[in-house]
Amino acid sequence: MNRASILLIAALLPITELAAQSDAPMSDGSSVAAAYRRTPQLRNDPFRHLMVPHWGFVMSVGVTAENNALLMSDLGDLLVSDRSNEVIGDVVTTLGAVPPGAALQGAGQGEAGIFFGGPVHRLFQIGFSAQARGYGSFVADEDAIVLLRDGLGGTQDFFLGSSGGSGIATSEYGVHGLVRLGPLGSEDGVQLSFGFGGRYVRPLAYARAQTSIDSRLAIVGDSIAARLDIENLATPSPGLSVNGSGVVGDFLFRAEWPTSGFAFEAMVANVGRVTLGEVERRLLSFSVNTTNLLEVNDSLETLAFQIQDTVATQITLPRIVRFAASAWASRYVQLDGSATLPVDGEFETPFVVDVGSTWRPVAVFPIRLGLILGGHQGIGYTAGLGIESRHFLFTLAGGSLGGFASDATGLGGRFDMGFFF
């Protein structure tokens, strides 16, 4: 059994035990609307508003960003630093905050859009969405950080490793459906929900830069030999004129026992690729072998990316694979746990476990507190509040994705507001 499976079981086991202990006849958790028992998260969720069983219109904004090393205080110092200083000084300050033996990694995503939908039958509902989204990630190789931060030491020949980053901005138009079945077997039986849909994705801008594995620096005696190759792929000009498109699919399964106070859910989203038809491939090459430092400086001043050709490329969006469970003994308190599996590739994200609790002193006024385990580093903290009624939805949530306050290595926030009729 791998580490992800062990952490998932450990996170969800207490919730499963609570559900087993719930006294079904005494549970009034079903007095909370089913759509609002599905606790929202800071993270992307294409079925977020489709679960509400009324026709309505929702506006939403969400953003998260994290890294494995730089604290918010470090980033704050860089942002307010005296810009008369050399950029190199800022870089050295930044690299000095990276722990020994670690690369510098980070990821972020954001979205803003609207949703409109509702039931067309007691067993089926449909929703339409229009959104702008952005994804990005980067990694600075451990070898390159050690070289720039600590120097060569006793080493004469040093590979700079593989470093780079990528980002994409898109506009998306989606249609999603939800089929509800149940209760099955008896009045208190399981209720099943099957969600499915797709989004037409139109790229607005894309960029990726990567150093070659052959990039290196060698110092022998009083001579310096260096070679640096960076390949850059980018759309010629951001905007609606970018040539490309794609379709991605989203799927959801949810089983719920309302009177017993337990639910389980599995979701897979962003299944598909986006094709870019015209991407400029640029190359920056730096090569020097000299004993004269002035020659090195002159070479650096003339560095520039040169366009090699125009190519077509395919982008795989960060796939979301999430398992979640919820338990409630009454409408006042609910416990939730979820595990989002890691994404490898161009937009890498780490394995994350979210554990939280919702209090409802009044049925329509939830207060939420939670922890984020995993991420790029440390334990994160989340909090939120809202209004979730028959005709109005308002939720506001935020938190650190690792650490707290000035010691945080990431932040996230989300706002949703909707009207139902």
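A pocket is an open set of points on a 1 Å grid over the protein atoms alone, with protein on both sides within 12 Å along at least five of seven lines, whereas a cavity is a set of points where a 1.4 Å probe fits but cannot get out; lining residues have an atom within 4 Å of a point. Grid points are joined across faces, edges and corners, and a volume is the space filled by probe spheres set on the points. The model is predicted, and local features need pLDDT of at least 70, side-chain atom pairs pLDDT 80 or more, while totals for chains, interfaces and linings use all residues. Residues are numbered from 1 along each chain as its sequence is written, and side-chain values use heavy atoms, without hydrogens and water.

The second largest pocket has a volume of about 250 Å³. Its lining comprises 19 residues, with Ser-137, Val-139, Gly-345, Glu-346 and Glu-348 nearest the centre.

The whole structure contains 6 cavities of 30 Å³ or more. The largest cavity has a volume of about 610 Å³. It is lined by 40 residues, of which Thr-39, Pro-40, Gln-41, Leu-42 and Arg-368 are the closest to its centre. The second largest cavity has a volume of about 290 Å³. Among its 21 lining residues, Arg-43, Glu-66, Gln-109, Thr-340 and Thr-349 are the closest to the centre.

Glu-111 is buried, with a relative accessible area of 7% (buried means under 20%, exposed over 50%, partly exposed in between, with a 1.4 Å probe and protein chains only). Glu-111 and Arg-414 are 303 residues apart in sequence but 9.5 Å apart in space, C-alpha to C-alpha.
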